[in-house]
Structure formats: C-alpha cells, structure tokens
Amino acid sequence: MGSQAVSPYGDKLKHDPTFHGPIKNRSCTDIICCFIFTVFIAGYIVVGILAWLYGDPRQAIYPRNSTGAYCGIGENRGKPFLFYLNIMKCVTSFNVISAAMSGLQCPTPQICVPSCPSKFWAVPPQIIQKDKPEDIWNQTLCQPTINLTTTSLSVSEILNLQLCPEFTVPSEPVLSRCFPTFNISQAESFNVGGMDKNKTLDTIKNGTEQLLQALGAKNLGLKIFEDFTRSWYWILIGLLIALVLSLVFLLLLRCIAGVLVWIIIVGVLVAAAYGIYHCYMEYRELDQKGATIKNIGFTTDVGAYRSVKETWLAAMIILCVVEGIMLLTLLFLRKQILIAIALIKEASRAIGYMMSSLFYPLVTFVLLVICVAYWGVTALYLATSGAPLYRIAPKNDSSPDCIGISGNESCSPMTFNASTYWPCLVDCIFFKYNDQGLFQRNLFNLQIYNFVGLLWCINFVIALGQCVLAGAFASYYWAFKKPQDIPACAVCNAFVRTLRYHIGSLAFGSLILTIVQLIRIVLEYMDHKLKGSGNKLAKCLLCCMKCCFWCLEKFIKFLNRNAYIMIAIYGKNFCVSAKNAFMLLMRNAARVVVLDKVTDLLLFFGKLLVVGGVGILSFFFFTGRIPIDKPEFKSPVLNYYWLPILTVVVGAYFIAQGFFSVYNMCVDTLFLCFLEDLERNDGSQSKPYYMSKSLMNILNKKNKNGKAK
C-alpha cells in the first residue's frame with residue numbers, strides 16, 4: 001500500500017459546518033506579552049511624569065538673562081527680547097555646542113529688553129569721567145541692579161562692572177534674541193574705545209555668526225511660519241481635493257479595475273518592445289560605423305560606452321529576456337491574473353457595503369499623532385531636565401586681584417553680590433544644567449526608553465488597525481447572502497473584539513518588528529560612524545547586514561499582516577496564526593505573487609494619480625500660473641512658494657496611503673478567505689462556496705444548489 005504524500009506546508013483545511021466567519025467564542029491570547037506591554041506602557045507613563053516634574057520646556061522657548069529669569073514672562077513680561085551687553089565677547093572662548101545646550105549663553109551679561117537697539121552708538125571717551133549716567137544710557141539697556149538716576153557710580157565704574165553697554169549696533173530679534181544687522185557703510189562714525197572701526201565691526205560680525213550658528217538657520221523658521229499663516233486654508237483645500245480623488249478612485253476600481261490592470265500590463269509590454277526596437281536600431285547604426293569596444297578599451301567614463309555597439313547589444317538581449325519572461329508569465333498565469341482582478345473588484349464591493357472602513361484610518365492617524373506628540377513632549381521635557389548652575393567668573397582674567405578666584409565656585413545670580421569680591425571684578429555666569437542627580441544621570445537611558453516606546457506604540461497602533469479591518473472584511477466574505485448577512489457595525493464590533501481579546505498578540509507582533517527596526521537603526525548609526533574609516537571589510541560586512549535586516553523587516557511586516565488576519569478570524573495566538581497564514585500562502589504561492597504585484601500596480605497608479613494630480617495643481621496655483629481675476633482667489637504672496645506645494649504633496653500622499661491601505665487590507669483579507677473557501681468547501685449543498693459569482697466563473701466552479709452571491 002502506498003502512503004499519501006504529505007505537503008511540506010501542511011494539510012488543507014477541513015470543512016467546518018459551524019464556521020461562518022470570525023468566531024464569537026474566543027479567549028484572550030498571548031497574555032504574557034499583554035502583561036509585558038502593560039508594564040512597559042505603565043513605565044512609559046512614569047517616565048513622562050518624571051520628565052514633566054523635572055523638565056522645563058521654557059528653556060527651549062524663552063531666552064534667559066544673566067540672573068536666570070526668562071524674558072517675556074513673569075517679572076520680564078514686557079521685555080521679550082534678550083540683549084547681549086558686549087556681543088564681541090561671544091566670539092572668544094565660545095563653544096557652539098554648549099551654547100546651543102545652554103540657551104545661547106556667552107561670557108557677557110544678558111539683559112531682557114522691550115526692544116532691540118536700532119542704531120549705532122558708543123560711549124565717547126571724553127565724557128567717561130564727567131557726565132551723569134542718566135544722560136548717557138537708556139535704563140532699559142542696563143542691568144536691573146542699577147538705577148541710573150540714583151546711582152553714585154561714575155560712568156567708568158559702570159562700564160568696568162558691565163552694568164551698561166559700552167556700545168550698541170542696529171539689531172533685529174531672531175527667536176527673541178537681538179542679533180546685529182548692518183554693513184560697514186552704515187557705521188561711518190562708529191568707534192569703540194579708540195579701536196579700529198573695521199576690526200571692531202568684524203569682531204561683532206563674527207560673534208553674531210557664532211550665535212546664529214548655534215541658533216540654526218537665522219530667521220528661516222519665522223519665514224516658514226509666515227508662509228503657513230498666509231496659505232494654510234489653500235493647503236487645506238488641496239488636501240480636501242486629495243481626499244475626494246482617493247475616494248473616487250477606490251469606488252471606480254469596482255468598474256474599471258479589469259480594464260486598468262490590462263492597460264498597465266499591455267503598457268509595460270509595449271514599453272519593453274519599444275526598448276528592444278530602439279536598442280536594435282542603435283546597434284545596427286554603430287555596427288555600420290564599426291564602433292566596437294576595442295576602439296575605446298577600458299575607461300572609467302561610463303558615458304563612453306554608449307557609443308559602442310556591444311552596450312546596445314547587451315541591453316537588447318536583457319530586454320528580450322525580460323519581455324520573454326513577461327509573455328510566458330502572462331501566458332501561464334493568466335487565470336491567476338483574472339482571479340486577482342476579480343478579488344480587487346470584490347474589495348471595492350466590500351468597501352462599498354462598509355463605507356465606515358474608509359474612515360478608520362482617521363482613528364489610526366489620531367492614535368499615531370498621540371504617540372508622536374507624547375514622545376516629542378517627553379523628549380523635550382527630558383532634554384530640559386535639571387536646574388541651571390552658575391559659577392563665579394572674573395570679568396578680567398589678567399587682573400592680579402583675581403588670581404585667587406578659580407572660577408569653580410558656585411553662585412546664585414538672584415542673590416549674588418559682586419561688591420564682596422572688590423577690587424576683583426567678577427560676575428555670576430551660567431555654567432551648565434545640573435546632571436548629578438539620579439534622574440539626570442540616566443537621561444540618556446530614559447531617552448532610549450522613550451524612543452523604544454515610540455516605535456513599539458506606533459507598530460502596535462498600525463497592527464490594531466490591520467486586525468480591526470481584517471475582522472470587518474472577513475465578516476463580509478463569510479456572509480453567505482450579501483448584503484443581507486453582513487453584520488451591522490462590523491468595524492465597531494471588530495474594534496471592540498480586538499481590544500478585548502488580542503492586545504497581547506498585537507503587542508507580540510509589534511515587539512518583534514520593533515526589535516528588528518532598532519537593530520537597523522543601530523546598523524545605520526554604525527555605518528555613519530564608519531564613513532571616514534578605511535576598513536573595507538567592516539564596511540562590506542555592515543552593508544550585507546543592513547541588506548539582510550532590511551529584507552527581514554519586509555518579511556516580518558508581510559507575516560505580521562497575514563497573522564493579524566488569522567487572529568481576527570479565528571482568535572488564536574500570534575505564533576499559531578502566523579504559522580497557519582504562512583502555510584496557507586505557501587500552498588498557493590503563485591496566486592500570492594500575482595495578486596501582490598497586480599495590487600501593487602493598481603495602488604501605485606492610484607497614488608500617482610492623486611499625489612501627482614494634486615501636486616501639479618498646487619504648483620500651478622501657488623506659482624501664479626493659473627489666471628484668476630478675483631483677488632480673493634489669487635495665490636498669496638509667499639517667501640518660499642515650494643513650501644505649501646511640498647506640504648500639499650506630502651499630505652496628499654499620506655491621505656492616499658490611508659485610503660489605499662484600507663483597500664490593500666481588504667484585498668489581502670478577502671484573498672486569505674478565498675483560499676480557505678477553496679480548501680474548506682466544494683460547492684455541494686452541505687459545503688457551498690462563499691466566493692462571488694465572478695470568482696466561481698473564473699475557476700469553473702459553482703454551487704450545486706445553483707445559488708451564488
């Protein structure tokens with residue numbers, strides 16, 4: 001007796017008369033991973049609370065003066081701008097990185113002022129000993145510790161104590177800080193302490209550039225914000241057009257999917273055929289001229305190879321092979337292509353019966369925004385944790401009276417009294433933020449925890465959306481009479497069912513993906529560090545590892561997606577669902593490949609239509625190339641017209657991606673259900689098919705009772 005051959009991918013599914021779609025009686029899955037995920041989220045919340053308690057994001061928003069007070073709020077509410085008393089000192093002993101971390105501090109007193117200076121001015125040397133201070137300075141440009149009307153200090157003493165500026169230059173606020181804006185021709189009479197005018201201005205300019213380098217790209221952010229305020233409503237209109245186009249395209253696929261697929265396939269074949277013809281004509285022409293590779297020999301100029309016949313011959317051979325493979329594939333897999341087209345049409349039909357599924361991406365979007373916002377706020381609070389520390393520093397290091405002051409003594413700018421150190425001139429300046437506490441010493445580890453939490457939460461939210469949509473679309477397929485048997489509120493039921501029973505399974509699948517993504521990030525970081533290295537072996541090995549983990553991430557995403565479909569239908573744990581989905585797909589490998597590529601072609605065409613159409617329309621509008629007579633409908637005047645165009649294009653892509661992800665999930669779910677339908681049922685009265693009539697016609701199958709959906 002011969003034994004029956006066993007498939008390496010498992011046996012086909014058996015008929016179950018009690019199965020009519022996603023099962024109702026199910027239990028919680030992957031409880032251990034659910035517990036781990038819950039503990040991780042609780043820890044994530046604790047990290048956020050600690051960051052909120054210790055952090056102060058005002059450090060990243062408002063500038064600090066020399067006393068540690070913020071400009072623009074509290075006691076300085078009417079003084080929103082920071083003025084550097086002697087900006088020339090910002091070019092000496094100045095570290096850009098530390099300045100950026102400390103709020104752009106430099107070794108000169110900083111004062112909160114109501115407005116930045118608007119002209120060149122310097123204290124004339126001849127009046128330093130005889131004029132009254134109130135006749136020289138504006139009180140708003142001096143430190144609040146001195147009252148010019150009542151002080152007994154002379155002008156020279158005020159300058160030595162750095163209580164008032166020795167000079168001012170025209171300045172404009174950049175992110176609430178007064179930065180000089182001038183050219184040499186504006187400063188004909190400008191002179192500071194008898195110094196060379198040009199040298200002084202160059203020093204000021206260099207100090208300003210140092211500050212701006214730490215600050216970023218000057219006032220680019222302000223111009224971008226201004227453009228957004230002028231064009232935000234037009235951007236919203238562009239995104240609304242993208243939404244309508246995406247919705248219309250998905251609904252039209254029900255009618256034109258077949259025609260569109262064949263147009264794309266024929267177009268690819270015609271393009272390849274034209275490529276063969278073009279290569280042959282180039283080859284024949286160069287052959288007649290006798291242009292062979294022997295004439296040029298080996299060269300690093302790649303463009304030179306276009307002028308030899310061997311290049312075009314090789315290209316023609318490659319295109320002929322590709323054309324032959326495509327024709328053979330079309331010949332032998334035409335039935336699979338027809339099945340793919342029918343499933344795509346069925347997906348449009350399913351979405352038509354469950355229009356609420358198209359709006360589920362809004363739920364996913366809101367959850368993703370919450371995840372990213374929580375990560376961003378937590379990262380900001382962690383980065384600004386720790387109180388500012390100040391040290392006593394001599395104003396003139398070369399003075400013999402200051403030899404005993406090491407500069408390591410801490411101080412408080414609110415209570416500091418410089419007169420106790422007389423005759424040495426000292427100041428209490430910012431040193432760094434406190435990093436000695438237990439919380440501050442672990443800020444880097446907490447930032448890593450925060451980033452891992454971001455990746456895990458994002459992957460979990462995406463997994464939740466896939467499982468919910470799979471449950472809804474599976475209930476559509478396994479409804480024998482459509483639309484009568486389709487359950488009401490299928491999306492809501494699937495959402496509640498998933499949250500109630502399968503948080504652990506979704507957390508498990510998303511954790512695996514998160515680990516692979518973290519490894520890829522580490523490899524990218526190592527690759528960045530090795531860019532200047534001459535170790536070829538290490539670079540080659542790293543490149544191979546990056547390629548392998550990229551492929552692994554793609555495979556895990558594919559496996560997770562199908563595992564979530566099985567979880568939504570049968571309610572089993574992640575590993576069992578992933579195994580069952582993989583075995584089912586491998587038993588139908590040819591259909592899987594064809595459906596995947598056909599669906600990718602359609603969705604690519606749809607994204608190209610939506611994003612390209614909206615992008616071209618916004619380009620012509622924002623560049624003023626669309627003639628509009630009414631002023632209220634004309635494009636606004638912008639600093640960077642590409643900014644709203646780029647915003648509309650990126651937004652249109654995410655909108656199209658959201659809609660088409662629903663469609664793609666629908667196709668994948670119906671495909672798995674279709675494969676199970678073929679294995680479970682045979683069309684008899686006791687085992688009727690649940691597939692649509694068009695699929696039955698393609699497969700030459702029918703239900704024996706003569707009824708089809």
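Predicted model: local features only at pLDDT ≥ 70, side-chain atom pairs only at ≥ 80, totals over all residues.
Residues are numbered from 1 along each chain as its sequence is written, and side-chain values use heavy atoms, with hydrogens and water left out.

**Disulfides**

A disulfide is taken here as a pair of cysteine sulfur atoms within 2.5 Å, and by this rule the count comes to three. They are listed in the table.

| Pair | S to S distance | Residues apart |
|---|---|---|
| Cys71 and Cys112 | 1.9 Å | 41 residues |
| Cys116 and Cys178 | 2.0 Å | 62 residues |
| Cys142 and Cys164 | 2.0 Å | 22 residues |

The torsion about the S-S bond of Cys71 and Cys112 is about -80 degrees, so this disulfide is left-handed. The pair links distant parts of the chain, with Cys71 in the loop between α2 (58–61) and β1 (81–84) and Cys112 in strand β2 (residues 110–113); helices (H or I, at least four residues) and strands (E, at least two) are DSSP runs, numbered from the N terminus. Both Cys71 and Cys112 are buried, where buried means under 20% relative accessible area, exposed over 50%, and partly exposed in between, with a 1.4 Å probe and protein chains only.

For Cys116 and Cys178 the torsion about the S-S bond is about -80 degrees, so that disulfide is left-handed. Cys116 lies in the loop between β2 and β3 (121–122), whereas Cys178 belongs to strand β6, and both cysteines are buried.

The link of Cys142 and Cys164, with 120 degrees about the S-S bond, is right-handed. Cys142 sits in the loop between β3 and α4 (155–160), and Cys164 in the loop between α4 and β4 (167–168); Cys142 and Cys164 are buried.

Cys540 counts as partly exposed at 47% relative accessibility, and Cys544 is partly exposed with a relative accessible area of 41%.

Strand β5 (residues 171–174) runs antiparallel to β6 and is joined to β6 by four bridges; two strands pair if DSSP finds at least two bridges between them. Glu172 has Phe179 as its bridge partner in β6. Two residues lie between the strands of this hairpin, in which Leu175 takes a positive phi near 50 degrees.

In a regular strand the side chains alternate between the two faces of the sheet. In β6 (residues 177–180), Arg177 and Phe179 point one way and Cys178 and Pro180 the other way, and all are buried.
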